[in-house]
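This report covers selected local features of one protein model. The sequence and the structure come first, and the notes follow.

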Amino acid sequence: MAKLQLALDEDLPSALSVLTAVHPHIDIAEIGTPLVFREGMKALRRIRGAYPQLTLTADLKIMDAGAAEAEIALEAGADIVTVMAVAADATIEGALNSAGAHGKRVMVDMMQAADPRARALELASMGCDLLCLHTAHDQQGSLGSPYAQLAELREALPAIHLAIAGGVALSDLERILPLKPQIIIVGSAITSSADPGASARQFQQRIRDYGHA
């Protein structure tokens, strides 16, 4: 069954407020890149302290110094750290090594990869086991969510874990769930709703209903 990851991209008080309402209905909380820019590792440490059992993703979008930058997030409490697929292989390998030493994971963000299928095959051969098909924020209006790419990678790499992110709405789940991603990343569809707790519960229930169908 797919896991629901919530991207927290606002300031730390907003993130903590949203988590109070949604934490029973999500599997993973993402300390989003804008939140990292605003608050640094303080946000990760605060959320880890408040929710010691919740899986946390640090969306650092690492492009260089993979080992060192991953280590910063892992020491602050991250379970998953993100690195860009367009980064050098040495950078990705460094992040993988740091995560492995902690018993944690790396999520490779496929955003802007020129040939996602070819790069995914290379990444898999390097030991990457979690890839994220991500429609960039600035392109969501024109491109939508990358269903075709997700389907292509699922066919090419049936055993690898896949995530999908970028403007995911509740109505998108009927197209996403048949492609069997391991993680569905949702942001503003929950955090900007009038009732984030109710919205998170709707996503959770839709995912569970499909998993038990």
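## Basis

The model is predicted.

## Helices α5 and α6

Two packed helices are described by the angle between their axes and the distance between the axes. For helix α5 (residues 89-102) and helix α6 (residues 116-126), the axes come within 11 Å and cross at roughly 45°. An angle from 65 to 115 degrees would count as roughly perpendicular and one under 35 degrees as roughly parallel; α5 and α6 are therefore oblique to each other. The crossing in which α5 passes α6 is right-handed.

Which residues of α5 meet α6? On the α5 side they are D89, I92, E93 and L96, and their counterparts in α6 are R119, L123 and M126. Sorted by class, this contact of α5 with α6 holds four nonpolar and three charged residues, and no polar ones.

Most residues other than glycine have a negative phi, and most peptide bonds are trans. K61 has a phi near 50°, which is positive, and K61 is not a glycine. This residue belongs to strand β3 (residues 55-62).

Q112 sits in the loop between β5 (105-109) and α6. Its relative accessibility is 53%, and the cut-off for exposed is over 50%, so Q112 counts as exposed.

## P34 in helix α2

P34 is part of helix α2 (residues 33-39). At a relative accessibility of 32%, P34 counts as partly exposed. How far apart in space are P34 and D9, C-alpha to C-alpha? The C-alpha separation of P34 and D9 is 5.2 Å, while in sequence the two residues are 25 residues apart.

## Q205 in helix α11

Helix α11 (residues 196-211) contains Q205. Q205 has a relative accessible area of 39% and is therefore partly exposed. What does the side chain of Q205 make a polar contact with? The partner is the side chain of D209, at 2.7 Å.

A separate pair is Q205 and A67, which are 138 residues apart along the chain. Their C-alpha atoms are separated by 37 Å.

Definitions and conventions:
Residues numbered from 1 in each chain as written. Predicted model: local features only at pLDDT ≥ 70, side-chain atom pairs only at ≥ 80, totals over all residues. Heavy atoms only, no water. Helix = DSSP H or I, 4+ residues; strand = E, 2+ residues; numbered from the N terminus. Buried < 20%, exposed > 50% of the residue type's maximum accessible area, 1.4 Å probe, protein only. Polar contact = N/O pair within 3.5 Å; in protein donor to acceptor, adjacent residues only side chain to side chain. Axes fitted to C-alpha atoms, helices over the stretch in contact; angles between N-to-C directions. Parallel < 35°, antiparallel > 145°, perpendicular 65-115°, else oblique. Left-handed = near helix turned anticlockwise from the far one by under 90°. Contact = heavy atoms within 4.5 Å. Nonpolar A, V, L, I, M, F, W, Y, C, P; charged D, E, K, R; others polar.
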